[in-house]
Amino acid sequence: MSKAWWMNGVPFSCQTDCGKCCDEPGGIVYLHPTDAKKMASHLGLTVEDWLERDCRQTLDGRYILKSDPITEVCIYLDANKKCVNYQARPTQCRSYPFWGENLRSVRSWSNTVEECPGLSSEDALIIDGESIKMRIIKDRDATRGFRQWPPYQR
Ligand code: SF4
């Protein structure tokens, strides 16, 4: 099997004060159980209380972050387009733009390059293929999500 094109590395540097990837009405952030633990701890809440306050479930039951009911943008994005919980941001937010769905075709990647100024900025540094692979795997695991808490009950 031929090596994926991105294994040679991709230039990227997240741009300060950008926030474009979070400022997407209707965007969905699936959550890994470790995201729930980290965010709840960061906010001084139990996981159950955090899920109740800041999350909702999709039609198939996976927990996702709530969006603002008017703008439909993530509830953690402030008026200055900054994440108010950046330190504890979920796996999918950390792994963007290197999501499997973005890298799966030339067309989806060119759409991602248009969306994300960090992929064409002059200060971009090469992200190596192994790091990209790790982000794809983490994004995939987060997308599987969880439907109950604790997540592994029978
Ligand atoms: S769109 Fe790209 S550059 Fe902008 S905040 Fe998101 S990852 Fe960073």
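Q: What do the buried residues of H1 pack against?
A: This is a predicted model. In it, the buried residues of H1 pack against H2 and helix H3 (91–95).

Q: Which residues of H1 are buried?
A: Pro33, Asp35, Ala36, Met39 and Ala40. They fall within an arc of 155 degrees seen down the helix axis, so they line one face of H1.

Q: And what is exposed on the face turned away from the buried side of H1?
A: Lys37 and Ser41.

Q: What comes after H1?
A: Glycine 44 follows, and its phi is positive, near 70 degrees.

Q: Back to the pair. At what angle do H1 and H2 pack?
A: About 90 degrees, with the axes 9 Å apart. That makes H1 roughly perpendicular to H2, because angles of 65 to 115 degrees count that way.

Q: Which residues meet there?
A: From H1, Ala36, Lys37, Met39, Ala40 and Leu43. From H2, Val47, Trp50, Arg53 and Asp54.

Q: Switching to cores. How many residues has the largest nonpolar core?
A: It has 15. Those with the most contacts inside it are Leu31, Trp50, Leu51, Cys55, Leu65 and Phe146. H1 (33–43), H2 (47–54) and strand S3 (63–65) each supply at least two residues of this core.

Q: What is cysteine 55 in contact with, sequence neighbours within four places aside?
A: Leu31, Trp50, Tyr63, Ile64, Leu65 and Lys66.

Q: Trp109 is in H5, then. Which residues are buried in that helix?
A: Ser108, Trp109 and Thr112 are buried in H5 (residues 106–115). They cover an arc of only 100 degrees around the axis, which puts them on the same side of H5. The face turned away from that side carries the exposed residues Val106, Arg107 and Glu114.

Q: What covers the buried residues of H5?
A: The cover includes strand S1 (10–12) and H4.

Q: What does asparagine 102 touch, leaving out residues up to four places away in sequence?
A: Tyr96, Pro97, Ser108, Trp109 and Thr112.

Terms used: Residues are numbered from 1 along each chain as its sequence is written. This is a predicted model: local features need pLDDT of at least 70, side-chain atom pairs count only at pLDDT 80 or more; totals for chains, interfaces and linings use all residues. Side-chain values use heavy atoms; hydrogens and water are left out. A nonpolar core is a set of buried Ala, Val, Leu, Ile, Met, Phe, Trp, Tyr and Cys residues joined through side-chain atoms within 4.5 Å. Buried means under 20% relative accessible area, exposed over 50%, partly exposed in between (1.4 Å probe, protein chains only). Helices (H or I, at least four residues) and strands (E, at least two) are DSSP runs, numbered from the N terminus. Contact means heavy atoms within 4.5 Å. Axes are lines fitted to C-alpha atoms, for helices over the stretch in contact, and angles run from 0 to 180 degrees between N-to-C directions. Angles under 35 degrees count as roughly parallel, over 145 as roughly antiparallel, 65 to 115 as roughly perpendicular and the rest as oblique. The arc is that of the directions from the helix axis to the C-beta atoms.
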